[in-house]
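Visitor: I'm new to this one. Can you walk me through it?

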Amino acid sequence: MAAPIKLFEEAAHASVYLKYRPRLPQKVFERIVEYLKEKKSKPFKLAVDVGCGPGQSTRPLAPHFEKVIGVDVSDAQIEAAVKQTDNPPNVEYRTGQGETIPVPDNSVSLVTCCQAVHWFDYAAFCKDVDRVLLPSGCLAVCAYGNFVPETCEGDLTKDKKMQQLHWNFYKGLMGAYWDDRRRHIDNVYAEFSIPYEGSIRDDSFQLVQEITVPSYIGYISSWSSMRAFLRKNPDSPNPLIGFQERLIEILGAETQTEQTKVRLKAPIVVLLGRKPPP
Ligand SMILES: C[S@@+](CC[C@H](N)C(=O)[O-])C[C@H]1O[C@@H](n2cnc3c(N)ncnc32)[C@H](O)[C@@H]1O
């Protein structure tokens with residue numbers, strides 16, 4: 001089993017991540033629970049969210065399970081998760097690896113992994129999921145692909161320019177700083193499937209967010225490539241300053257940075273699989 005990749009370790013990254021990272025819509029979690037209910041009935045004692053980060057994919061599970069455990073390899077992410085004030089009482093966090101999930105055999109109704117499995121040793125993860133799942137328990141792997149920005153007013157000329165700016169930054173300046181595993185986000189998890197018979201892929205969801213210009217810039221600052229760029233070029237001026245200037249130029253003179261919103265859209269994939277009965 002390969003050593004875990006620790007790109008999310010710094011406390012500064014954990015807090016930027018928490019503030020600006022998008023959240024999967026509640027409907028995705030409802031879809032996952034519906035899938036579980038197809039072959040398993042309540043009570044659902046335990047769900048485990050692996051690669052939980054600061055817990056944004058963990059907390060939505062709380063209403064459906066007696067207990068939910070968020071697991072992450074990064075101490076900084078777990079610290080950030082524990083500190084959240086909206087943690088329901090039945091949610092707990094543990095430091096641990098997806099490849100050796102820190103819970104007993106045959107104890108879990110649902111394992112989720114959102115926006116994280118591309119960092120894991122996937123074969124070792126699936127093997128350990130099989131160890132911890134109860135019969136007819138489910139694994140749900142979710143991710144969102146790349147965001148495409150557009151104006152909220154549907155101005156196609158500005159949309160095109162914004163998208164050019166976004167992709168030039170993503171593939172140009174940031175291009176050399178993405179980990180090779182970023183391809184899994186580019187291709188929306190095309191290379192992943194759950195190794196249980198009858199497992200499915202649901203592409204019917206979309207992530208749509210309208211956020212202010214500073215939040216859009218904040219979101220880009222949470223990219224792992226941005227952290228890698230800043231580490232390798234500590235004396236370089238922050239490239240997001242130029243990015244924001246150009247963005248405001250495109251959006252127009254009437255732009256009020258704090259109030260003007262942009263819309264971001266990304267495809268979502270949900271992979272669902274069920275452990276067969278013995
Ligand atoms: C992009 S974040 C996803 C956070 C959250 N689940 C979400 O929906 O946004 C990926 C997380 O996976 C964690 N991670 C990476 N490799 C891991 C591993 N082998 N085992 C457990 N967690 C891991 C990272 O520390 C990071 O917090």
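Guide: Here is a short tour, from the domains to the cores, helices and loops. Keep in mind that this is a predicted model.

Visitor: Fine. Which domains is the protein divided into?

Guide: Domain 1 takes residues 11-146 + 181-206 + 267-274. Domain 2 takes 148-180 + 208-263.

Visitor: How many Å separate their centres?

Guide: The centres of domain 1 and domain 2 are 28 Å apart, taken over C-alpha atoms. The contact involves 15 residues of domain 1 and 16 residues of domain 2.

Visitor: What does UniProt list for residues 48-140?

Guide: An unreviewed UniProt entry gives "domain: Methyltransferase type" for residues 48-140. In the model, that stretch is 22% helix and 31% strand. Its end C-alpha atoms are 10 Å apart.

Visitor: On to the inside. Which residues have the most contacts inside the largest nonpolar core?

Guide: Phe 65, Leu 110, Tyr 216 and Trp 223 do. That core has 53 residues.

Visitor: And why does it lie between domain 1 and domain 2?

Guide: Because both domains give residues to this core.

Visitor: What is Phe 65 in contact with?

Guide: Setting aside neighbours within four places in sequence, the contacts of Phe 65 include Val 33, Leu 36, Phe 44, Ala 47 and Leu 110. Lys 45, Asn 90 and Ser 109 are also among them. There is a second, separate core too, with 31 residues. Phe 120, Phe 125, Leu 133 and Val 269 are included in that second core.

Visitor: Let's do helices. Which residues of helix 2 are buried?

Guide: Helix 2 covers residues 26-39, and its buried residues are Val 28, Phe 29, Ile 32, Val 33, Tyr 35 and Leu 36. They cover an arc of only 150 degrees around the axis, which puts them on the same side of helix 2. Lys 27 and Glu 38 are exposed on the face turned away from that buried side.

Visitor: What covers the buried residues of helix 2?

Guide: The cover includes strand 4 (108-114), strand 5 (133-144), strand 7 (200-202) and strand 9.

Visitor: Now helix 7. Why is it largely enclosed by the rest of the structure?

Guide: Helix 7 spans residues 213-221, and seven of its nine residues are buried, so the rest of the structure largely encloses it. Among the buried ones are Val 213, Tyr 216, Ile 217 and Ser 221.

Visitor: And helix 9, what span does it reach?

Guide: Helix 9 has 13 residues and reaches 19 Å from its first C-alpha to its last. That is close to the 18 Å expected at 1.5 Å a residue. Its buried residues are Pro 239, Leu 240, Phe 243, Leu 247, Ile 250 and Leu 251. Seen down the axis, they fall within an arc of 100 degrees, so they line one face of helix 9.

Visitor: Which residues are exposed on the other side of helix 9?

Guide: Glu 245 and Glu 249. As for the buried residues of helix 9, their cover includes strand 6 (148-151), helix 5 (156-173), helix 7, helix 8 (224-232) and strand 9 (261-274).

Visitor: Where does Gln 244 come in?

Guide: Gln 244 is in helix 9. Gln 244 is partly exposed, at 23% relative accessible area.

Visitor: How far apart are Val 82 and Ile 217? What separates their C-alpha atoms?

Guide: They are 135 residues apart along the chain, and 26 Å separate their C-alpha atoms. Val 82 is found in helix 3 (residues 75-83). Val 82 counts as exposed, at 52% relative accessibility.

Visitor: Last topic, the backbone. Which peptide bond is cis?

Guide: The one from Lys 42 to Pro 43, with omega near 5 degrees. Pro 43 sits in the loop between helix 2 and strand 1 (46-50). Most peptide bonds are trans.

Visitor: What about phi at Val 188?

Guide: Val 188 has a positive phi of about 50 degrees, although it is not a glycine. Tyr 189 also has a positive phi, near 60 degrees. Most residues other than glycine have a negative phi.

Visitor: Is Tyr 189 buried or exposed?

Guide: Tyr 189 is buried, with a relative accessible area of 0%. Val 188 counts as buried as well, at 15%. Tyr 189 lies in the loop between helix 6 and strand 7, and Val 188 has its place in that loop too.

Notes. Residues numbered from 1 in each chain as written. Predicted model: local features only at pLDDT ≥ 70, side-chain atom pairs only at ≥ 80, totals over all residues. Heavy atoms only, no water. UniProt positions renumbered as here; feature names shortened; annotations may be inferred. Helix = DSSP H or I, 4+ residues; strand = E, 2+ residues; numbered from the N terminus. Core = buried A, V, L, I, M, F, W, Y, C linked by side-chain atoms within 4.5 Å. Buried < 20%, exposed > 50% of the residue type's maximum accessible area, 1.4 Å probe, protein only. Domains from an automatic or database assignment. Contact = heavy atoms within 4.5 Å. Expected span 1.5 Å × (residues − 1). Arc of directions from axis to C-beta.
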